[in-house]
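Reader: I am new to this kind of picture. Could you show me how to read charged side chains?

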Amino acid sequence: MSINYKDSGVDVEAGQREVQLIKSIVEQTHDQNVLSKLGGFSGLYDLTNFRDMTHPVLVSGTDGVGTKVMLAQMMDKHDTVGIDCVAMCVNDILCQGAQPLFFLDYIGTGKLIPEKMAEIVKGVSEGCLAAGASLIGGETAEMPGIYEEDEYDIAGFVVGIVDKNQMIDGSQIEEGDLIFGLSSSGIHSNGYSLVRKVVLEKMQFDLNDQIDGLHQPLGEVLLTPTKIYVKEMLSLMEKVEVKVMSHITGGGYYENIPRMIKEGYGARVDVREVEVPQIFKLLQQWANISDEEMYATFNMGIGFVFVVRPEDSEIVEEHFKDYDSLYRIGEIVKGDEKLELQF
């Protein structure tokens, strides 16, 4: 009796059906610089339209969504984790002042179900459109034995560009510079191992439960996609000098804000006026988590932080007047303590 590839758990025809399902979704993200079509061996992107840059520098980043994908699988809801994957990557390279150019995704799964994969890629495409990036390639790997049939993981890779004389490295910060924060959409894509332990193990909630204080079922709240800050920050950078930026991801405030501060300086941050999303308050209440642990794990309502000169504060506030997401949260001070946080 002969055995073929499909008998071993890999369905090549399903992969071909996936390509047909996602083709139009992917192509809507393409700009005039994309030279390749979906289904080739590689993606091609033309850089000649960036000749006006004095010294163009490519900036790259890669990331995933972590254990948030487990909740997506439990909810059988797969159209948001792709947005998360893009957001985690593009928000990171934004911190160097980079404009995202193109994105690639990788999905590993136990059984390739074309419709499910198409939902994931739909989210990736939505994230790319929000970030102004072209989705020019990707890989879906069917790996029975590595993943269970209903399991998958997703990772992404982004390349952006910035003129070398406009790269942001924090070297220009000075005492008295102001620190602003932009609101998050919720938990974003960090801390979900703790979230699952609290919600599923300690409290034993069902993800479809409607919890007092939450405007959606619990699982829907937990799957709210990560906010993408690219377009609003790049347009701000055309108006003022943004001296440094930080994406508040894993490690919360205590890890990510010090990363943007040069030696001899620190950040004095007061977030007592920040509106903390209700889901954070509930998690803290359910598991009796300390304030320090919350701010060392989660974004607590601020997903992105940046620093400008005091004289530019009015321009910043005017720029974000319609976003309803801006908080003035602190200032740069001299000293060896990288972060002084009041909450």
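Author: Let us begin with burial: at 2% relative accessibility, D177 counts as buried, since buried means under 20% relative accessible area, exposed over 50% and partly exposed in between (1.4 Å probe, protein chains only). K243 is buried too, at 5%. This is a predicted model, where local features need pLDDT of at least 70 and side-chain atom pairs count only at pLDDT 80 or more, while totals for chains, interfaces and linings use all residues. Residues are numbered from 1 along each chain as its sequence is written, and side-chain values use heavy atoms, leaving out hydrogens and water.

Reader: What do the side chains of D177 and K243 form where they meet?

Author: Side chains of opposite charge can pair when their charged atoms come close. Here D177 and K243 meet in a salt bridge, 3.0 Å from N to O; the term needs a side-chain nitrogen of Lys or Arg within 4 Å of a carboxyl oxygen of Asp or Glu.

Reader: Which parts does the pair tie together?

Author: D177 lies in the loop between β4 and β5 (178-183) and K243 in the loop between α7 (230-237) and β6 (244-247), so the pair links parts 66 residues apart in sequence. Helices (H or I, at least four residues) and strands (E, at least two) are DSSP runs, numbered from the N terminus.

Reader: How many salt bridges are there by this rule?

Author: The count comes to eleven. Another one joins K321 and E318, with the closest N and O atoms 2.9 Å apart. K321 is exposed at 53%, and E318 is partly exposed at 47%.
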